[in-house]
Amino acid sequence: MEALYHGSKLIIQHPAYGIGNPENDYGLGFYCTRELDLAKEWACAEEDDGFANRYRLETDGLSCLHLNNGGCHILNWLAILLENRRFDLSSPVSVRARQYILDTFLPDYKDYDLIEGYRADDSYFSFSRAFLANGITLEQLRRAMRLGKLGEQVVLRTPAAFDALSFVEAIPVDASIYHARRLSRDRDAREDFRKMLTETQAGEEIYVSTIINEKWNNDDPRL
C-alpha cells in the first residue's frame, strides 16, 4: 500500500480507465507522483487554483516497470517518450536518431500495470531534443535528467491498476504559491543545464551519432 497524488484543476474521486491524452509521456494512463508538493505544482500548470488528489494504491499483484533502475537505462526512457510524445525533429540527424532509438531501445512496456520514471516537463523535453540533435552527449543527457529536481511520475496503465486505486481526499492548492514554484523549478533546471554545458566532461564524449554509427544495442555495457 502506498500513497499517490494527482495534481488537477478538478477533484477526481474515480479516475476512469481509457480516458485522457494518449500523447502523454508513457501513453494513455493516469499520471501521479509520490510527492505532494510536486502534485500541488502540477495542479497549477496555469494560474488557477487546483487540487492535489490523494489516493491509496494497493500494489500487491501489480507489475511495475521502473525506468530509472531495475535494468533500464536512459535510452529506454527516451524511446518510450519518442513513441508517445510529439517531437519537432527538423534535422536529418534527429530523424535518424529517433528511428534508431525506437528500433533498438524501445522496451516491451505496454503490458505493465504501472510505469515509473522521469516526467518530461518542458525543460526535460528540451534536453531530450538537444540529445537527438547531436547537441549534447549521452552523459550530459543522464545528468540533465537529475537537474532541477523535477521529479518522477507513476503512471497507472491497466484496468487492474485502476481497480487497485482508492480516493482518500482532495487537498486545495493555492496557485499564487505553487504556480510560481513550478516555474522556478523549471528555471532552475534550465540554468543548471546551461552551467553543465560549460563544464569539461570526463571520459569519452558519446553523442547520438556515435551510438548510431557504432550500432550500439540495448545490452551495450556503456549504457
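Is His179 buried or exposed? Here are a few friendly notes on that residue and on the chain around it.

1. Please keep in mind that this is a predicted model. His179 comes out as buried, because its relative accessible area is 12% and the cut-off for that class is under 20%.

2. As for its setting, His179 sits in helix 7, which spans residues 175–197. Leaving aside residues up to four places away in sequence, His179 is in touch with Cys44, Ala45, Glu46 and Glu47.

3. Now the fold as a whole. You will find eight helices and seven strands in the protein chain. Among contacts with a separation of 6 or more, 86% join residues 24 or more positions apart.

4. On overall dimensions, the protein chain has a radius of gyration of 18 Å, which agrees with the value near 17 Å that a compact globule of 223 residues would have. Taken along the principal axes, the box filled by the C-alpha atoms is roughly 50 × 40 × 30 Å.

5. Burial and surface can be read together. Of the 223 residues, 48% are buried, and His179 belongs to that class. The protein chain exposes about 11200 Å², with 46% of that area supplied by carbon and sulfur atoms.

Definitions and conventions: Residues are numbered from 1 along each chain as its sequence is written. This is a predicted model: local features need pLDDT of at least 70, side-chain atom pairs count only at pLDDT 80 or more; totals for chains, interfaces and linings use all residues. Side-chain values use heavy atoms; hydrogens and water are left out. Helices (H or I, at least four residues) and strands (E, at least two) are DSSP runs, numbered from the N terminus. The radius of gyration is taken over C-alpha atoms; the globule rule is 2.2 Å times the number of residues to the power 0.38. Buried means under 20% relative accessible area, exposed over 50%, partly exposed in between (1.4 Å probe, protein chains only). Contact means heavy atoms within 4.5 Å. Accessible areas come from the Shrake-Rupley method with a 1.4 Å probe; for residues, only the protein chains shown count as cover.
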